[in-house]
Amino acid sequence: VRQSSQRQGFAVEAVRRIARFAFEEAKFQRIEIVAAADNVASRRVAERAGATLECVARNRLLLHDVPIAAAAHSFAGGLTAKGFGKGDVLALMSPNIPEYAVIFHGVALVGGVITTINPTYTHQEVHKQLVDSGATIMVTIPMFLEVAAEGSVGTSVQETYVLGEAAGVRPITELFGAPVEQTPVSSGDLVVLAYSSGTTGI
């Protein structure tokens with residue numbers, strides 16, 4: 001509803017008419033109205049139209065194809081279930097895509113350390129960073145998988161996951177689990193080990 005027409009009941013009436021059509025004409029048995037947990041206006045419209053709040057489904061909603069914060073909490077939960085926690089290092093070799101933020105913040109939520117690897121690195125440069133950082137998990141995309149695999153040989157990396165699909169490599173979706181909250185951290189805890197962009201001269 002455009003801003004000039006808000007607070008006039010149009011949204012509520014529209015939802016009621018859609019629901020009436022769905023139940024009476026299309027014979028739906030159930031309708032789900034999904035709104036961001038902090039979208040008070042949308043939740044109020046749904047309630048006024050007769051809907052009942054059932055739950056806060058933390059991994060249910062994407063905004064502009066980008067997972068909301070809940071996705072990071074789910075990734076954190078999966079890491080926790082694997083025993084990855086405070087002080088452990090995950091290496092991320094990826095371009096700037098929505099999943100990048102989810103993985104970055106998921107690692108931070110469990111008190112872990114993320115080391116971001118420049119996607120243009122050679123396998124020798126990847127290897128040097130992995131050895132120095134002590135990363136135990138590698139996450140990358142199919143395009144960089146060959147270099148990431150070569151660079152991981154002889155390092156502490158125990159598992160490699162791919163954002164997407166690649167033969168013989170576990171998808172990142174396997175690392176998602178029940179959402180968890182932030183692990184307590186202090187101002188002296190490390191969260192990022194950055195090597196590129198002129199920070200260390202590697």
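Is phenylalanine 176 buried, exposed or partly exposed? Partly exposed, because its relative accessible area is 32%. The scale is this: buried is under 20% relative accessible area, exposed is over 50%, and partly exposed is in between, with a 1.4 Å probe and protein chains only.

Some ground rules. This is a predicted model, where local features need pLDDT of at least 70 and side-chain atom pairs count only at pLDDT 80 or more, while totals for chains, interfaces and linings use all residues. Residues are numbered from 1 along each chain as its sequence is written, and side-chain values use heavy atoms, with hydrogens and water left out.

Now the overview. The protein has six helices and eight strands. These are DSSP runs numbered from the N terminus: helices are H or I with at least four residues, strands are E with at least two. From the N terminus, the order is α-α-β-β-α-β-α-β-α-β-α-β-β-β. Of the 202 residues, 33% count as buried. Residues 24 or more positions apart account for 64% of them.

Next, the sheet. It is open, with six strands in the order E7-E6-E5-E3-E4-E8 and parallel pairing. Two strands pair if DSSP finds at least two bridges between them. E7 and E8 are the edges, each pairing on one side only. Strand E6, residues 159-162, is joined to E7 by two bridges, and the two run parallel. Valine 162 stands opposite proline 171 in E7.

Stay on E6, where tyrosine 161 sits. Tyrosine 161 counts as buried because its relative accessibility is 1%. Leaving out residues up to four places away in sequence, tyrosine 161 touches, among others, Ile137, Met138, Val139 and Thr140. Its contacts also include Pro171 and Ile172.

Rings of Phe, Tyr and Trp (its six-membered ring) pair if their centres lie within 6.5 Å; planes under 30 degrees apart are stacked, over 60 edge-to-face, the rest tilted. The count by this rule is one aromatic pair. Phenylalanine 75 and phenylalanine 176 form it, tilted, at 5.3 Å centre to centre and 55 degrees between the planes. The pair links distant parts of the chain, 101 residues apart. Phenylalanine 75 is in helix H3 (residues 70-81), and phenylalanine 176 is in the loop between strand E7 (170-171) and strand E8 (192-194).

Phenylalanine 75 counts as buried because its relative accessibility is 0%. Beyond its neighbours within four places in sequence, phenylalanine 75 contacts Leu90, Val102, Ile103, Gly106, Val107, Ile172, Leu175 and Phe176.

That leads to the core. A nonpolar core is a set of buried Ala, Val, Leu, Ile, Met, Phe, Trp, Tyr and Cys residues joined through side-chain atoms within 4.5 Å. The largest has 36 residues; Phe75, Leu79, Leu90, Ile103, Met138 and Val139 touch the most other members. Elements giving two or more residues to this core include H3, strand E3 (89-93) and helix H4 (98-109).

Last, helix H1. Its buried residues are Val12, Ala19 and Ala22. They lie on the same side of H1, because they cover an arc of only 95 degrees around the axis, taken from the directions from the helix axis to the C-beta atoms. Arg17 and Phe21 are exposed on the other side. Helix H2 (40-48) is part of what covers the buried residues.

Conventions: Contact = heavy atoms within 4.5 Å.
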